[in-house]
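Good morning. I have one structure to go through today, piece by piece. Please look at it on the screen as I talk.

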Amino acid sequence: MSETHTSRGATANATWKDAPTQTINVNGVTLAYRQLGADTGVPVVFLHHLTAVLDDWDPRVIDGIAAKRRVITFDNRGIGASGGSVRHSVEAMARDAIAFIRALGLDQVDLLGFSLGGGVAQVIALEEPQLVRKIILAGTGPAGGGGINEVTKVAVRAYIRGALTLKNPKHYLFFSATPAGKLAAKEYMARLKERTTDRDKRISPLAIRGQLKAIRAFGNREPHDLAAIRQPVLVANGDHDVMVASSHSVEMARRLPDAKLRIYPDAGHGGIFQYHREFVEEALEFLER
């Protein structure tokens, strides 16, 4: 990362490819983050997936939401350009996210949690309900969900396949093998390269192992009482998620008291990226309703 900034104001006119990377000290650890969009209303904090750093967010989703809302993304402890060591439980990651939000001086936020970030969002809502207004859970599942503890095996197979085909494993983890899925994967990977300066550091192998340990523990633990999450929730996924079974999205929508379910056809774990136009429109309608 070529440069860091310490100003905490959102950059209203920036797009994702040129939003400055900023830093903030949270309980003695320096965390890297970016924010953009209008500095009005309740901010939307994005919570990321396994292996991801700041530059793994889809620019179309970030810029789309930021057209109407203040968007904040960050690297949690031990990830990308952030300091410290990665946490080995989803609960600890959630507590770090809460500390980050409070360090920014925010009293209430909306959450968009994708995959691992969806688990973090659920814990935040359960532990600090007054901090959260609305939640979007994408490509994720509940604590104790069957198969979530098998993500390591799925990821390893995709990494091997990616090495053999000289493709990013996300081609196989996030998208279906149909013509539409293959095209969506190609376009998504191209969008991730649009930012050419001040890019984030790649995640370390040690941090990935820590995240996988946290995911396994989350999948093996006793289920949460999702009925205790009273906030409105938008649950979104593709209809063929090989990382976190799409059935988990249906289950969460059933267990949450105030949930709307959106399943995208011919799509996988990265359904919100494949259908980014539709997702952004639905997400903004949900957040502004």
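Predicted model: local features only at pLDDT ≥ 70, side-chain atom pairs only at ≥ 80, totals over all residues.

Start with helix α10, residues 276-288. Which residues of α10 are buried? They are His276, Phe279, Val280, Glu282, Ala283, Leu284, Phe286 and Leu287. As background, an α-helix has 3.6 residues a turn, so residues three or four places apart point the same way.

Next, a residue in a strand. Thr73 sits in strand β4, which covers residues 71-74. Is Thr73 buried or exposed? Its relative accessibility is 0%, so Thr73 counts as buried. Which residues does Thr73 touch, if we leave aside neighbours within four places in sequence? The contacts are Trp16, Tyr33, Arg34, Phe46, Leu54, Trp57 and Ile62.

The whole structure has 16 of them. In one, Arg34 pairs with Asp55, with 2.8 Å between the closest N and O atoms. This pair links distant parts of the chain, 21 residues apart: Arg34 belongs to strand β2 (residues 29-36), while Asp55 lies in the loop between β3 (44-47) and α1 (59-66). Both partners are under the 20% cut-off for buried: Arg34 has a relative accessible area of 0%, and Asp55 is at 5%.

A second salt bridge joins the side chains of Asp96 and Arg87, at 2.7 Å from N to O. Here the partners fall into separate classes. Asp96 is buried, with a relative accessible area of 10%, whereas Arg87, at 29%, counts as partly exposed.

Glu251 forms a salt bridge with Arg255, and their closest N and O atoms are 2.9 Å apart. Why are these two about one helical turn from each other? Because they are four residues apart in helix α8, residues 246-255. Glu251 is partly exposed, with a relative accessible area of 25%. Salt bridges can also share partners, and in this way Arg34, Asp55, Arg195 and Asp198 are joined into one network.

Rolling a probe the size of a water molecule over the atoms shows where empty space is left. The largest pocket holds about 700 Å³ of space. It is lined by 27 residues, and the closest to its centre are Thr51, Asp56, Asn168, Lys170 and Arg202. Four helices, α4 (151-165), α5 (170-173), α6 (179-192) and α7 (205-220), each supply at least two residues of that lining. The largest share comes from α4, with four residues. By class, the lining of the largest pocket has 14 nonpolar, six polar and seven charged residues.

The second largest pocket has about 280 Å³ of space. Its lining is made of 15 residues, with His171, Tyr172, Phe175, Ser176 and Ala177 the closest to the centre. Both α5 and α6 supply at least two residues of this lining. Which helix gives the most to it? That is α6, with four residues. The lining of the second largest pocket divides into six nonpolar, five polar and four charged residues.

That is the end of my part.

How values were computed. Residues numbered from 1 in each chain as written. Heavy atoms only, no water. Buried < 20%, exposed > 50% of the residue type's maximum accessible area, 1.4 Å probe, protein only. Contact = heavy atoms within 4.5 Å. 1 Å grid on protein atoms, 1.4 Å probe; cavity = no way out; pocket = protein on both sides within 12 Å on 5 of 7 lines; lining within 4 Å. Points joined across faces, edges and corners; volume = space filled by probe spheres on them. Nonpolar A, V, L, I, M, F, W, Y, C, P; charged D, E, K, R; others polar. Salt bridge = Lys/Arg side-chain N within 4 Å of Asp/Glu carboxyl O.
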